[in-house]
Amino acid sequence: MDWKTIIYVILLINLTVAKALPRTSWDIEEKTSIGKRFSQLQENNFKAIALIMFAQYVPGGTFSRVAAMAEGVTALAKRCAVATSDSPDCLKPLDSIFLDTICQEENLPRFADCCAEKDPKRNDCFLSLKNSSQGFLSPLERPDAEAACRNHSQHQQPLTGHFVYEVSRRYPFLYAPAILSVALQYEEMIKNCCGSAEGPSHHLEECFQRQAPKVMKPVREDALRQEHTCGILKKFGERTLKALKLAQISQKFPKADFVSVHKLVVEVADMHRDCCRGDTLDCMRDREEILHYVCTNQHILSSKIKQCCEKPLLQRSKCIVNAENDNKPADLSLHVREFIEDKGICERFAQEKDTHLARFLYEYSRRHPEFSAQMLLRIAKGYEDLLQKCCRPGAPSGCHSRGEEELRKHIYETESVMKTSCDIYKEKGDYYFQNELLMSFTKKMPQLTSEELIKFTKEMTAIGSKCCQLGQDKLLPCAEEHLDLVLGEICRRHLADPINPGVCRCCNSSYAFRRPCIGKLEIDESYMPLALTPGLFAFHGDLCTVEEEKLQHRKQEMLITLLKYKPQISPEQLGSITAAFTAMRERCCREANPEACFLKEGPELIKRSEKMLSA
């Protein structure tokens, strides 16, 4: 069958991966048999996933080349599915078949060193190239409306195939069904917008402008969350990831018993291990097993996921993740006093430390859906520290009660920080709240570029918009868990190109305490401020004509430059300079020749400002 005639829409709707392959099938033959995989997925689904895998491994390959590799592997899989004898090619591990296909291609010098290795080293080498390829392609742009509709009317299905290819090569670790799911939304957008193609072209463009962000936003969010989770696993290890998932799942399913929750935690951690390695097919199967377990056991897990489990397979996972937390059991006590007052607590802690701490985290989390998962991890760490101190021989009486005081203090401090931030946001609004963040983070991390500082603080401002309108019972989970994603981005940026010792300490020491650690950072004393050069501050006539959004961006760039020049600037000094700049702009923009005015007034403003800052 010609690749370009595959009906991708059918492929997307009918993705029916086997729902509950048993864990006992993890032997080599069953796990990787290409014939069995083909039979489970069926031809179009197998071919689509092959396209995704090759695009993720070879992001520099053309669509036709990647499609040809997918076509070749699918043909082999089809033969193996019906073969009566055990052909050597059919018995190869599936990962090896995919990598063999890449290594047989000509003119792919980037992979020569990896292809010279033997498995499993070869697979590890390819996975490391996946890591290094992230970000080398430009972001996916909105398609040209007229060209997309013309292509759609002439070819239809290949347009979606190209979209799958373009998304896959830009997001090498993104879960394959997530890509297929968003491709279905893309196909719907093309149909909706191109259905009225007889109208004026500007209506077509408006339709794409309106709908394209809705299609692409989930891709970026899913990719960011997956990268974030993989970053936690890589940096802090499986124990931290399991603790995070234990807190989240206990909050989501407060009626579930500890054994059921613990089983889910282990399965989810295993899934992330495979997904973060880039093992696409194992990642898919892991997720299917988890979905099957959750939906067949919803009577003991949650009353809030029934509708999710009735949705098509591709929509099920995200629906469950976004579902409301189930109601707490009616007989659930308010406190977990048995973890403090029980006489055998120290003995249990000594004998089975991790299990005891896990039970504490489970019990505390299911009682407190109003706390963020990160805060629950900090509480669990505080409890661990308390037992280590109070279970030592000779520990003073009342030791445990002092730990409770520390816990109440930490809860109050965290809630106060979030409430204060929201009060500032509500008072100042998006632009001025972002400026407050820019002042803080430029002083903490002056090594970041203006573009990076504006990007990160804009994302933090969006958290204020999203979370500060919520009630007190939902504010902390919303704010801290979204902020955790942004701080994860900053820490991955630090990993790629170190920022400064303070950021290094916060990003490396503890996942749970990363947010409060970065919050407490002050001016980076190791930073060498910018020198005052003639071109450091430049004012031109376009300050009078630029549209408001771009003007605000320019002002923020100037604010960052000023803070990098004088990190110790006081709020009063900054206010005076800002007022002087505003007055100069208003004055020059009234002139017949604003450019000449700025050329005269700009240096004077810099001179006066420098004198004030040096005083």
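Biologist: Which side chain does the side chain of Arg-169 make a polar contact with?
Modeller: Keep in mind that this is a predicted model. Arg-169 sits in helix H11, which covers residues 157-170. At 2.9 Å, its side chain makes a polar contact with the side chain of Glu-166.

Biologist: And is Arg-169 buried or exposed?
Modeller: Buried means under 20% relative accessible area. Arg-169 has a relative accessible area of 12%, so this arginine is buried.

Biologist: How many disulfides turn up in the whole structure?
Modeller: A disulfide is a covalent bond between the sulfur atoms of two cysteines. Two cysteine sulfur atoms count as a disulfide when they are within 2.5 Å. Searching the whole structure on that basis gives a total of 17.

Biologist: Let's look at Cys-80 and Cys-90: which parts of the chain does the pair link?
Modeller: Their sulfur atoms are 2.0 Å apart, and the two form a disulfide. The pair is ten residues apart and links distant parts of the chain: Cys-80 in helix H5 (residues 63-82) and Cys-90 in helix H6 (residues 88-91).

Biologist: Is the disulfide of Cys-80 and Cys-90 left-handed or right-handed?
Modeller: Both cysteines, Cys-80 and Cys-90, are buried. The torsion about their S-S bond is about -85°, so the disulfide is left-handed.

Biologist: What is the torsion about the S-S bond of Cys-390 and Cys-399?
Modeller: Cys-390 is joined to Cys-399 by a disulfide, S to S 1.8 Å. Both of these cysteines are buried. Their disulfide is left-handed because the torsion about the S-S bond is about -80°.

Biologist: Now Cys-588 and Cys-597: is Cys-597 buried or exposed?
Modeller: A disulfide joins Cys-588 to Cys-597, with an S to S distance of 2.0 Å. The torsion about that S-S bond is about -70°, so the disulfide is left-handed. Cys-588 has 0% relative accessibility and counts as buried. Cys-597 has a relative accessible area of 12%, so Cys-597 is buried.

Biologist: Which backbone oxygen does the side chain of Ser-614 reach?
Modeller: You'll find Ser-614 in helix H30, which covers residues 594-614. Ser-614 is partly exposed, with a relative accessible area of 48%. At 2.8 Å, its side chain reaches the backbone oxygen of Glu-610.

Biologist: What separates the C-alpha atoms of Ser-614 and Lys-566?
Modeller: Along the chain, Ser-614 and Lys-566 are 48 residues apart.

Biologist: Zooming out, how far apart are the end C-alpha atoms of residues 410-607?
Modeller: UniProt, in an unreviewed entry, places the feature "domain: Albumin" at residues 23-212, 217-409 and 410-607. Residues 217-409 are 76% helix and 0% strand, with end C-alpha atoms 38 Å apart. Residues 410-607 are 73% helix and 0% strand, and there the end C-alpha atoms are apart by 47 Å.

Technical notes
Residues numbered from 1 in each chain as written. Predicted model: local features only at pLDDT ≥ 70, side-chain atom pairs only at ≥ 80, totals over all residues. Heavy atoms only, no water. UniProt positions renumbered as here; feature names shortened; annotations may be inferred. Helix = DSSP H or I, 4+ residues; strand = E, 2+ residues; numbered from the N terminus. Buried < 20%, exposed > 50% of the residue type's maximum accessible area, 1.4 Å probe, protein only. Polar contact = N/O pair within 3.5 Å; in protein donor to acceptor, adjacent residues only side chain to side chain.
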